[in-house]
Amino acid sequence: LPGFGSVIWNTVFIAVMKMVGNLIFPVLIALLLNEIREKHYKKTVQTVLYLPHFISWAIYGGIIIALTDQTTGIMNPILELFGLSSAENPVYLMGADYIWAVIIISSILKSVGWGSIVYMAAIAAIDVELYEAAEMDGITRWQKAIYITLPSIASTVTVFLLLNIGRLLSNSFEQFNSLQNSVNLTRSEVLATYIYNLSFSARRFGYATAIGFFNSCISLILLIVSNFISKKTTGEGLF
């Protein structure tokens with residue numbers, strides 16, 4: 001098994017990147033969907049974006065592995081078009097060099113549609129008179145999104161950010177168990193899989209319990225501290 005320091009670094013870095021991506025892209029998608037006026041097209045886009053959320057990581061991970069396969073996957077031909085791969089020496093995307101990008105991008109694609117639902121609901125609750133008054137002043141769509149929509153959903157974004165900070169060390173076990181292999185283990189081993197392997201492979205139950213307790217304590221501290229900072233700076237918080 002990789003060393004504990006390496007596991008902590010993998011856990012924190014991947015979790016932070018996923019948190020940033022899952023904060024920015026759902027908001028962006030919600031803003032773009034809110035601008036679509038054609039209802040049928042809007043529903044179709046929403047359905048396509050929401051669909052991955054309902055697929056288990058066991059299946060979704062298998063799809064990713066198939067798409068990134070060196071010989072039969074479609075990703076290498078796409079990379080060839082940009083000169084990033086070749087038929088003679090295809091890139092192994094499930095290797096240690098690229099697994100972080102695969103994990104982060106696959107996580108964002110899976111959750112972006114579902115995450116945008118909450119922000120669309122928050123946008124729908126904004127008083128339309130604000131938009132009407134802004135239109136009378138000649139404000140553009142882009143300016144409405146920046147100066148009206150985003151400030152109006154800031155409290156919702158803050159709540160989700162705090163919840164994600166509280167789960168910073170709790171990466172999805174199902175995702176990593178699906179994408180992890182012996183080649184990328186040094187870069188894909190996180191606390192969730194580390195504790196599992198310590199318990200069921202190494203039979204070090206006491207050590208695994210201690211690490212699990214450490215994980216819970218750090219998560220609680222992160223949640224309390226981030227909530228305190230948020231209350232002091234923005235006036236918004238979970239409690």
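Predicted model: local features only at pLDDT ≥ 70, side-chain atom pairs only at ≥ 80, totals over all residues.

Biologist: OK. How many helices and strands are there in the protein chain?

Modeller: The count is 12 helices and zero strands.

Biologist: And how far does the C-alpha trace span along its principal axes?

Modeller: About 65 × 50 × 30 Å. The protein chain has 239 residues, and 39% of them count as buried.

Biologist: Let's talk surface. Which residues form the nonpolar patch?

Modeller: That would be I59, I63, L67, I74, I78, L81, F82 and L84, which together have about 820 Å² of accessible area. Two elements, α3 and α4, each give two or more residues to the patch.

Biologist: Which element has the largest share of the patch?

Modeller: α3, with three residues.

Biologist: What about L81, buried or exposed?

Modeller: L81 sits in helix α4. L81 counts as exposed because its relative accessibility is 72%, and the cut-off for exposed is over 50%.

Biologist: Switching to pockets. How much space lies in the largest pocket?

Modeller: About 670 Å³. Its lining has 23 residues, and N22, S107, S111, N164 and R167 lie nearest the centre. The elements giving two or more residues to that lining are α1 (4-34), α5 (99-124) and α8 (154-166).

Biologist: Which one gives the most to the lining?

Modeller: α5 does, with seven residues.

Biologist: How do the lining residues divide into nonpolar, polar and charged?

Modeller: There are 10 nonpolar, 10 polar and three charged residues in the lining of the largest pocket.

Biologist: And the second largest pocket, how much space is in there?

Modeller: About 380 Å³. It is lined by 14 residues, with I64, T68, M75, I105 and L109 closest to its centre. Here α3 (57-67), α4 (75-81) and α5 are the elements that give two or more residues.

Biologist: Which element gives the most this time?

Modeller: α5 again, with five residues in the lining of the second largest pocket.

Conventions:
Residues numbered from 1 in each chain as written. Heavy atoms only, no water. 1 Å grid on protein atoms, 1.4 Å probe; cavity = no way out; pocket = protein on both sides within 12 Å on 5 of 7 lines; lining within 4 Å. Points joined across faces, edges and corners; volume = space filled by probe spheres on them. Helix = DSSP H or I, 4+ residues; strand = E, 2+ residues; numbered from the N terminus. Nonpolar A, V, L, I, M, F, W, Y, C, P; charged D, E, K, R; others polar. Patch = residues over 30% accessible without salt bridge, like charges linked within 9 Å, V, L, I, M, F, W, Y side chains within 5 Å. Areas by Shrake-Rupley, 256 points an atom, 1.4 Å probe, with all protein chains shown as cover. Salt bridge = Lys/Arg side-chain N within 4 Å of Asp/Glu carboxyl O. Buried < 20%, exposed > 50% of the residue type's maximum accessible area, 1.4 Å probe, protein only.
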